[in-house]
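This report describes the spaces inside one protein model and some of the residues around them. Please keep the sequence and the structure in view while reading.

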Amino acid sequence: MSRRFALASALVVLCSHVFSAGSAAAAGLTAYCPMSEDDCGAVLKAFKDDTGVESQFVRIGAGEILARIRAEKANPQAGLWLAGAADNFIQGASEGLLAPHKAVGIEKVDARYTDKEGRWTPISLSPIVFAYSQQVLDETGAKPPTSWKSFADPTYKEGVALAHPAASGTAYVALASIVQLFGEDEAFKLMKEVDKNVVQYTRSGTAPSRMAANGEIALAMAFTQDVEAALAQGYPLGYAFPEEGTGFEVNAAAAVANTPEDQAKGASAFLDWVLTDKGQAAMGATFRGPIVPGYKNPNAKIDLSNVKMIDYDFTWAGQNRARLLERYENDVRHKADAK
C-alpha cells in the first residue's frame, strides 16, 4: 500500500470517527463498509445525489464490521452496515444486532435471497471466481485452474494467496462453498493441502486478486467484481470458474439496532433506495451483479449467464459461520497469520 493511499484511508477512518462522535443531525448517516474506498464512496454519493441524505463511512473488513457492531452494541457508532456477504448479516441478526426493515421493492427479489424478518436487505449478487496471472503460469509451467482442487496442485507451491475467512467475506464464502460441495471433513482436508501452497494470507478479500494482477502470485480466489475492476484498469488478469460449480455472495445491507433516530432514518432511507433502478445502477457501477431482475451492467466483461452455480445455502453458511471459522483456526491457519 502506498503512503498516500494509507494516509487517505487513515483520514477516512479518522473523519468517520469524528463525525460519529458528534451529533447525528450534523453528521448525517454513518456506515460501516467493507467494499473498496472508491466503491463505498461512489455508492453513498449516488445515494446522496438521489435522496439528499448526507453520509460518511468507515472502511473495514466484513468480519471486522460484525465484531465492531457487537462491541458497540450498547452505544452504536454507525447506523448502516453497507455491503458484505449475507452470512455475516445472518449471524449479526441472530445476535440481535440488526434492526428489521422491509425495504421498498423487496418483493421483486427472489425470496431465496431475502430474510423473511427483514433484518437485512440483499443488494447485489457476486459469484466466486479464480483469478490467475498467465505470466506466472508461463514461468512455472502450471496450467490455468479448473477445479477447487487445483489450489492444492504442487505446481502452485508458493504461488497462491488467499484471504483469511475470519477477516474476509470473500474467503468465508469460498470456504462455505467448498464445505457444501465436498462435505466438511473432505473440505478441511483439501484446505490443509491448499495451505501448503499459500505464500500469504491477507485480511482483505480483494488483496489476493490484486497480487495476481500485478504478477506477484499465480493464483487467487475472488469475487467477480474484483476481477472486473482489475480488467477495467487494464491488468492482464486471467479468470476461470470451477468445473464443480461455484458459490456466490448475496451482498447485503442492514440497519444497525438501537441507533439514534436520525441514524435509523438514514439507514432505512438507504435500504429503500438501494433496490430502485438508481440504487441498482450504483451497485452495478462497482461491478457487482444485480439482485433485482431486469438490470444488466453494460460495463461487465465477465459473462455470468453460463456460469455453473451451486445451490449455495447462505443461510446455513451464516448459521455455521462461527463453528467453521473456529475449525479453520484450529485445523488450517490462525487469523493472526493474516497480513
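## The second largest cavity

Ile-69, Glu-72, Lys-73, Pro-76, Gly-96, Leu-97, Val-256, Ala-257 and Asn-258 form the lining of the second largest cavity. On a 1 Å grid over the protein atoms alone, a cavity is a set of points where a 1.4 Å probe fits but cannot get out, and lining residues have an atom within 4 Å of a point. The volume of this second largest cavity is about 40 Å³. A volume here is the space filled by probe spheres set on the points, with grid points joined across faces, edges and corners.

The lining of the second largest cavity contains five nonpolar, two polar and two charged residues. In this scheme Ala, Val, Leu, Ile, Met, Phe, Trp, Tyr, Cys and Pro count as nonpolar, Asp, Glu, Lys and Arg as charged, and the others, Gly among them, as polar.

## Basis of the description

The model is predicted: local features need pLDDT of at least 70, side-chain atom pairs count only at pLDDT 80 or more, and totals for chains, interfaces and linings use all residues. Residues are numbered from 1 along each chain as its sequence is written, and side-chain values use heavy atoms, with hydrogens and water left out.

The largest cavity has a volume of about 100 Å³, and its lining divides into nine nonpolar residues, two polar and no charged. Strand β6 (160–163) and helix α7 each supply at least two residues of this lining, and α7 gives the most, with four. Helices (H or I, at least four residues) and strands (E, at least two) are DSSP runs, numbered from the N terminus.

Thr-170 is one of the residues that line the largest cavity, and Thr-170 belongs to helix α7 (residues 169–182). Is Thr-170 buried or exposed? Thr-170 is buried, with a relative accessible area of 10%; buried means under 20% relative accessible area, exposed over 50%, and partly exposed in between (1.4 Å probe, protein chains only). Leaving aside residues up to four places away in sequence, Thr-170 touches Ile-128, Gly-205, Met-221, Ala-222 and Phe-223, where contact means heavy atoms within 4.5 Å.

A pocket, unlike a cavity, is an open set of points with protein on both sides within 12 Å along at least five of seven lines. The second largest pocket holds about 630 Å³ of space. Of the 25 residues in its lining, Gly-289, Pro-290, Tyr-295, Lys-296 and Leu-304 lie nearest the centre.

Helix α10 is largely enclosed by the rest of the structure, because seven of its nine residues are buried. These buried residues are Thr-224, Gln-225, Asp-226, Val-227, Glu-228, Ala-230 and Leu-231. Their cover includes β5, α9 (207–213), β8 (219–223), β9 (237–240) and β10 (248–256).

## Residues with positive phi

After α10 comes Gly-234, with a positive phi near 90 degrees. Ala-83 is not a glycine, yet its phi is positive at about 85 degrees. Ala-83 lies in strand β3 (residues 80–85) and is buried, at 1% relative accessibility. Phe-287, another residue other than glycine, has a positive phi near 75 degrees and sits in the loop between α12 (277–284) and α13 (314–319).
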